[in-house]
Amino acid sequence: MTDKQAQLTVDGLDSSLNLPIHTGTIGPDVVDVSSLTAKGLFTFDPGFVSTASCESKITYIDGDKGMLLHRGYPIEQLAEHSDYLETCYLLIYGELPNAEQKEKFTRTITQHTMVHEQLTKFFGGFRRDAHPMAVMCGVVGALSAFYHDAMDISNERHREIAAFRLISKMPTIAAMVYKYSIGQPFAYPRNDLSYAGNFLHMMFSTPCEEYKVNPVLEKAMDRIFLLHADHEQNASTSTVRLAGSSGANPFACIAAGIAALWGPAHGGANEAVLTMLAEIGDEANIEKFIEKAKDKNDPFRLMGFGHRVYKNFDPRATVMRQTCDEVLNELGLHNDPLFRMAKKLEKIALEDEYFIERKLYPNVDFYSGIILKALGIPTEMFTVIFATGRTPGWIAHWHEMISGSYRIGRPRQLYTGAAPRDYPA
Ligand code: SDX
């Protein structure tokens, strides 16, 4: 922290206010406004566009530079040299694991992938055509009912066990959600497979035929999880922090994060991109839909484009596009009409003044859906995959908050409702 200050002069106050300024490792300084309430003032920032909700050491984004760092390491370097479980370790513990730590962490996660057999009973209450995110939200929240042995959030070891259980069990539950939707039996995890390979096995194996893991697809799946692992104080992570600030258990907090992620403006965008591409239908219609996206009277937006923070390219989208190429080539789908249309749409949009002026670039969701579809994953499962990948980020932020000093999150408001009045006699 520095001793820099901001001066605030307010009409009606007899003296200006000195507000401390805090400086981070990199990134914008922050003005500490916590003393304003004592002066009868609140700040006003709907959507938290200019608000830092916390101090964190986990992830840093520079939207103008298209930079994304996890504990200081650029996402493109992690995508190239690391893997998902190593990145999970990095997010939670703050440093890359050595060989022994990585082996132990991987073994621990592998050995927690089964869920309590009674958890399977929760699925039966859902219609088979329920949206997978509704099922995911419900079943993950139900985990709170199973682990009373490690629910003391003030106990570091309990927090660590909860992190292991969530990272291990999310892919198992995600695959169960899919199996339930298609009326196939659940596939148990296999300890001889990688994290991503095991997920693909649980998604696509049947009692009649084992799924043979293709190394190219396994690597692509691992990279998709890695690219979604964390993203600073986004809507769902902020939801997890807010839920955690009340002392709620980690499973309930993650279920709250899943609910927030579901929206099409957030994690639901990958599903919305495929729906949009299907609606466009043909490259000949692209211009018409670009005009719709620009029309203020039309609610249509170009899904997978734009970002609250990235005002340059989303570095994850760049890696995702390369991965998309690899998967489609491996599967002989390089002429995939959807991929062709997506690349045409991206080219046209990036040359259009409306998108250039508003710095709207493809985000992480623009290409991920095309890869997932090529892997045989149905569109309505895409946000479930996003939630699975984002779990270590949610857990790392929850753990960072609970490990430090924190208060219950309780924003204030600008009240413009009725003035005080008496009940009619
Ligand atoms: C994720 O926060 C994170 O980190 C999220 C995420 C993560 O990893 O956790 O990165 C994951 O959620 C990625 C974003 C996925 N969402 C979409 O792809 C949905 C489409 N994008 C938009 O809804 C929008 O860009 C947001 C929600 C992503 C950002 O919204 P903002 O920051 O509130 O921006 P805005 O709505 O104020 O838009 C600014 C301008 C507006 O035009 P003007 O009023 O200035 O004329 O840009 C326009 C908007 O109309 N605009 C778009 C657009 N996105 C913004 N116009 C057309 N198509 C779009 N996609």
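Does Lys-343 count as buried, partly exposed or exposed, and at what relative accessibility? Lys-343 counts as partly exposed, at 29% relative accessibility, where buried means under 20% relative accessible area, exposed over 50% and partly exposed in between, computed with a 1.4 Å probe on protein chains only. This is a predicted model, in which local features need pLDDT of at least 70 and side-chain atom pairs count only at pLDDT 80 or more, while totals for chains, interfaces and linings use all residues. Residues are numbered from 1 along each chain as its sequence is written, and side-chain values use heavy atoms, with hydrogens and water left out.

The structure holds 23 salt bridges, each being a side-chain nitrogen of Lys or Arg within 4 Å of a carboxyl oxygen of Asp or Glu. One of them pairs Lys-343 with Asp-325, their closest N and O atoms being 3.9 Å apart. Because Asp-325 lies in helix H12 (residues 315-330) and Lys-343 in helix H13 (residues 337-350), the pair ties together parts that are 18 residues apart in sequence; helices (H or I, at least four residues) and strands (E, at least two) are DSSP runs numbered from the N terminus. Asp-325 is partly exposed, with a relative accessible area of 30%.

A salt bridge also joins Asp-314 to Arg-316, with 2.7 Å between the closest N and O atoms. Here Asp-314 is buried at a relative accessible area of 1%, and Arg-316 likewise counts as buried, at 2% relative accessibility.

Elsewhere, Asp-83, Glu-86 and Lys-102 are linked in a network of salt bridges.
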